[in-house]
Every structure is written in C-alpha cells, then in structure tokens.
Amino acid sequence: MIPRAISSLWWRRYLRRSAIPWDDLERFPQLRPEEQRKELGKRLLRQVQYFGTRADALPQWREAARINNAEDLLRVWPDLPVLTKNDLRTRFPAAELGTRFKIPGQLNSTGGSTGEPVHFFHDAYMVKSILAAVTFSSVRMGWLPGMPVIVVWGSERDIARQTSLRNRMHTTLRNQIVVDGYHLSDDTVERVCAHLHRGPVAMYGFTSMLEFIARRVVETKRRIRPGIVRIAWNGGEMLFPEQSEIFQQAFSVPLLNRYGGRELAVMACQFAAGESLQVLRPWLYLEILNDRGRPAAPGEVGRLVWTSTVCRGTPFLRYDVEDLGSFRACDENESGITAIDELHGRVAGLLELPDGRKINNIYWNHFFKEVKEVAQFQVILRKDRRLRILLRGDGFSPEREAAVRALLAHFLGELPVNLEWVEKIPLTREGKLVQVYREA
C-alpha cells in the first residue's frame, strides 16, 4: 500500500487526464426549478437532434429532431418511445456503432444477472463522464482521493481484470484493496479486517457481501474502533434499512446506497443516511412510469426510465432499465424528479399471483426480516406457478414452520409454497444474490 499523499497526487493527475469536470453536478441542484427545466430541456433537445439525424434513428426521433424549442420538446417528450433492452440488442447493435458512425469509445455489456446480457457502446466523452460520476458521488459521500478503499466484490470478470500488470498497478495507485467475496466465509471477514489498520478507510461492495461481513463482526463480538471505517457504500444489489443498520453496528457508520448500472454508471446516490437517492442531474433525466406508461404519482411504484444527456454512442433515450422505484412529492418540481425515495427491485422479480395480485420484490425482504431464523432467502416463481423459497439459516422447528407457513398463506392464499433449507444460495455469475426471480 502506497502512502496516501502519493495516491492523492496520482488521483489528481488521473482525473485531469481521464475524467471530465463535474462542475455541472455541483451547480445544477443550486438552480431554481425553472432554470433546471430550461437547462434539462436544452440538453434533451441536443440529444434528440443528434440521434434524430443519425442513420439508425427511430421515426419519432426524426420528427422530434425538427423541433427547435426546448419547451416544445418537453411537451411531447412523454410521447416518444420507451427503449427496452431488447431494442438495444436488435435495433442498435453495439459492436457496429463505433465503426459505423466513426465514434471513438468503448464496447461494454451488462452482467446479465437477470437475463441475457445487453451490449452497448460508450463514446469517449461518456467514458470520461462515468469516471467523473463515480468519483463525484464517492467524494460527496465522504471519500477523499488517496483514502484506502476496501472493495468486496464478486463479479468474476471484474476480479479477473485485476490480474493484468497494468490493472494491478492502477489498483495500487488508487489505494484499493480488492477482496473476492464470491465465496463468503469467515476467511473473507478476516481478510477485510486485516486491512483496517490502514484506516481511515472506505468500504464498498455488493450489499449482501458487506452485510455478511458486518453480521459476522457483530456475532463474533469483534471490536472495530470507531473512525477506522470512515464511509461505506453498496453496489450491484438492493440496500434495505436493516442491512445499513447491521453495518453501522459493526463499523460505526451506516451503509449508504449508490444506485447504478453498467449502462449509465452512477444514476442516483444517497449522500447521507436517511436521505433520498439524489439523481445525478443534469447528466441524467429520470421518469417513473406506471403500468399504463404514463408518469407515476408520488408514492406510486413504477418503472425507472432514464435518459443520458451525455452519451453519444448507444442512444439511451427514455431507456427502461427494468428497475422499479418511487418518489416523494417533495422530490419533484417543474424540471422533473430530483430524487428516488425508494428502490423496489427488478421488474423481473415482480411476481403476479394466479388471482392477478402482484407482489413487489420488496415485500419479501420485509417479511423475512421478521423471521429471525433466516439469514438469506431466494424466492423463485416456478413455471408450474408454485413458489420455491430457498432459505439459509438456523432452520425451523415444526411449530415455527407451521407459524411461518400460516403467515405466508394469509398473504398468498392457496398458492403452493415449497420451503427448502440450503447451505448456500446460488449467486449469479456476477456474484450477485438475486432475491426474487421467475423461472425462464
């Protein structure tokens, strides 16, 4: 591990060379709502005029590209098509975009943890904005360039990237300590704690991995001196309040929520415990749409639909990332939604019962947090319409299982449920714990 001062100097040079300035992200929230609307309108208009004149443009974009006034575009914006992941696969083949339109940049893809991977192309400016967004959000949460970061990750491809000499050097200069959390055990906890003497440190990783480490620290009564972990945030998975609370018990700081994806990088971030997730405007524009495809009301759970005002490779215009969320009335003004109040998981995990009722992903977490014997769970809606629930933990007595089944029946009705205790719940290739999904 190199001295923090040297890493800090390297970070400053690295950001000057490889990231765009993030002045917009700092300045934009200070504007009046009408000024925010005006600026977002201009940015959206520039994107539509660019993509609307490209050879792969959708007809509606070509029509909208004729608009010269940002306010006129905002009025028709809700009528433009919503892009799906399948649209990106079939209409905008990422491998062709760079050469076809002579755009320098990088080809990338999602991990495909809930289905087929989606390939996309980031132009060079977007690549620099991603680094800026990641760094800006980290700094806002409390990290400073040069501060050591313990990264607990499970993605096979991300861990594998650390093996090249160049990436190992970059990891060292960043003052990052990467701990493979794919196979969680007490050894994982030991490896993390062995690096705490480098404190103050930041911690970052998949939510379930950080929760496991925190629980083991609490259960084994290991004492971590307050201040050693200065700041911590999650990635890749949902974050629930009880997970943040157990992390605070173990390390004296809450686990903050940084929400993002490979397509758009950091999309929204919780900069302090208890706050909503602030959308990274004006680089992103968020809409939350209900089942009818219209704007959801405050408190109503809907699909998160994102537009990048930066990317000129893959057209992320009204792009449905297949996540669910809601917002509060106070987090919306005339310029749009400023923050996400609560994330509700993946659309793929929204289960519809035979009687037509829908169970949101988040219900299961609220249910099982009251069942103390369960440390982890996974709910699978089988093709035969039975629920298969995998459980990891202490197990039930016959009386306790009967009580839990009665609670499930009260909500699920006559839907057949199989409860199965397992030693380990399977992770995706990306190392994620997918709590709810439907069998293909």
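E71 and R37 form a salt bridge, with the closest N and O atoms 2.5 Å apart. The pair links distant parts of the chain: E71 sits in helix α5 (residues 70-76) and R37 in helix α3 (residues 33-51), 34 residues apart. The model is predicted. E71 counts as partly exposed because its relative accessibility is 30%. R37, at 23%, is also classed as partly exposed.

## Bridges within helices

In the whole structure, a search finds 24 salt bridges. One joins R75 to D72, at 2.2 Å from N to O. These two residues are 3 apart in helix α5, so about one helical turn separates them. R75 is exposed, at 53% relative accessible area. D72 is partly exposed, at 32%.

R405 and E401 also meet in a salt bridge, 3.1 Å from N to O. They lie 4 residues apart in helix α15 (residues 398-412), which means a separation of about one helical turn. R405 is partly exposed at 31%, and E401 is partly exposed at 26%.

An α-helix has 3.6 residues a turn, so residues three or four places apart point the same way.

## A salt-bridge network

Four residues are linked in a network of salt bridges: D24, R27, E39 and R43.

## Helix α1

Helix α1 (residues 4-18) has 15 residues and should span 21 Å at 1.5 Å a residue; its end C-alpha atoms are 20 Å apart, which agrees. Its buried residues are S7, S8, W10, W11, Y14 and L15. They cover an arc of only 165 degrees around the axis, so they lie on the same side of α1.

Among the elements covering these buried residues are α8 (124-141) and α10 (165-173). The face turned away from the buried side carries the exposed residues A5 and R16.

Methods:
Residues are numbered from 1 along each chain as its sequence is written. This is a predicted model: local features need pLDDT of at least 70, side-chain atom pairs count only at pLDDT 80 or more; totals for chains, interfaces and linings use all residues. Side-chain values use heavy atoms; hydrogens and water are left out. The expected span of a helix is 1.5 Å times one less than its number of residues. Buried means under 20% relative accessible area, exposed over 50%, partly exposed in between (1.4 Å probe, protein chains only). The arc is that of the directions from the helix axis to the C-beta atoms. Contact means heavy atoms within 4.5 Å. A salt bridge is a side-chain nitrogen of Lys or Arg within 4 Å of a carboxyl oxygen of Asp or Glu.
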